[in-house]
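Colleague: I am new to this structure and would like to learn how to read it. Please take me through it feature by feature.

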Amino acid sequence: MSKKEALELLASPSCMTVGELALKARNHLHSDKAYYTINAAITYSNTCEALCPICSFARKEGHQEAYIITPQEAYNKAKIFSESGALELHMIGGMYSKLPLEYYVELIKSMRRADAKINIVAFTVSECVLMSRVSGKPLEYVYKLLLEAGLNAIPGGGAEIFEESIRQKISPNKLSAQEWLDAMRQAHKCGIKTNATMLYGHIESHEDVVNHLLMLRNLQDETGGFKAFVPLPFRKGASAVGSKSSGVYDLKICAISRILLDNFEHIRVPITHYSDRMDEILLHFGADDIGGTHWSEEVAVAAGAVPQDRSEKYLLNTITRAGFRPVKTNSNYAI
């Protein structure tokens, strides 16, 4: 699909044409399979210096709701989640320059001590670049240290939307688009598999969306290091940034992503962000992975998502109701 064709489909009042194309591409790759995992979130801190205008989760240093957990607390949480059946732990936090590199390493070691086999997906590249700057160590060194501590993969957060004029309005104090892409390139060179994301439904244009996807496709052609693309609908929450999300827009974004990102094996639509009913439909619009149980998720909830203790049965029902065959895995698609 060309950029022109993608823009025309995004602008079309109907989502059915692009949906049919996306379903064909999805089924060619995955047949009737739809993936899910049993995972949990451990958020190490909401203390943040970036304080992005789009964010409802972060708190300033000293705020009464600000917190930072200890490695021992991370171990305790990981142990509980592991004993409850989690196959994977997902960890992110705020951008806070007073935390030393050793703190992050100890968090990974603590979770690894809790379960030697669990899949640990932790720290966006924005956080990893901050670790590099605070420690004075090269980013490659940071990645290798985290891998040695027990890291398995890096999530795709922080991509937001690549258009710099938009980034200056929604996340002015985080990495630029090029810095994000360069940090991902370095992660892939170090052998770390990652996800890629796009935050949409705020003040971006259709062209911003398509350009974002094409930039991801170009990097994937170069490195092959992305496991999955994860489109994330913006939730306004307490943010002053306007929201323009809709169900039809969600369907178009998912479908366009599946078609344009022909070198990405997976399109993941986290059930925490979309709900079970929308995920059922998105599986027919190009998605093949509904994410996980994501116990104890905080970031989406802070922006207005309904907190929910999802079980494996909940995910299985979502997939089977949509007419697909559930496949349990982790976000590395390694089991």
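Modeller: Begin with the surface. Accessible areas come from the Shrake-Rupley method with a 1.4 Å probe, and for residues only the protein chains shown count as cover. Here the accessible surface of the protein chain is about 13600 Å², and 52% of that belongs to carbon and sulfur atoms. Note that this is a predicted model: local features need pLDDT of at least 70, side-chain atom pairs count only at pLDDT 80 or more, and totals for chains, interfaces and linings use all residues. Residues are numbered from 1 along each chain as its sequence is written, and side-chain values use heavy atoms, with hydrogens and water left out.

Colleague: How many helices and strands does the protein chain have?

Modeller: Helices (H or I, at least four residues) and strands (E, at least two) are DSSP runs, numbered from the N terminus. The protein chain has 14 helices and nine strands. Its radius of gyration, taken over C-alpha atoms, is compared with the globule rule, 2.2 Å times the number of residues to the power 0.38. The value is 19 Å, close to the 20 Å that the rule gives for 335 residues, so the chain is as compact as a globular protein of that length. The C-alpha trace spans about 50 × 45 × 40 Å along its principal axes.

Colleague: What share of the residues is buried?

Modeller: Buried means under 20% relative accessible area, exposed over 50%, and partly exposed in between (1.4 Å probe, protein chains only). Of the 335 residues in the protein chain, 56% are buried.

Colleague: Why is strand S5 called largely enclosed?

Modeller: Seven of the seven residues of S5 (residues 194–200) are buried, so the rest of the structure largely encloses this strand. One side carries Thr194, Ala196, Met198 and Tyr200, the other Asn195, Thr197 and Leu199, and both faces are covered. Two strands pair if DSSP finds at least two bridges between them. S5 pairs with strand S6 (residues 226–233) in the parallel sense over seven bridges, and methionine 198 stands opposite proline 231 in S6.

Colleague: In what order do the strands of the open sheet of three stand?

Modeller: The order is S2-S3-S4, with parallel pairing. Strands S2 (39–41) and S4 (119–122) are at the edges with a single partner strand each, so one side of each has no neighbour in the sheet. S2 and strand S3 (residues 88–91) pair over three bridges, and the bridge partner of alanine 40 in S3 is leucine 89.

Colleague: Which residues of helix H5 are buried?

Modeller: They are Val125, Ser126, Glu127, Cys128, Val129, Leu130, Met131 and Ser132. That is eight of the 11 residues of H5 (residues 125–135), so this helix too is largely enclosed by the rest of the structure. Just after H5, glycine 136 takes a positive phi of about 75°.

Colleague: Is isoleucine 319 buried or exposed?

Modeller: Isoleucine 319 counts as buried, because its relative accessibility is 0%. This residue is found in helix H14 (residues 312–321). Contact means heavy atoms within 4.5 Å. Not counting residues up to four places away in sequence, isoleucine 319 touches several residues, including Ala34, Leu283 and Phe324.
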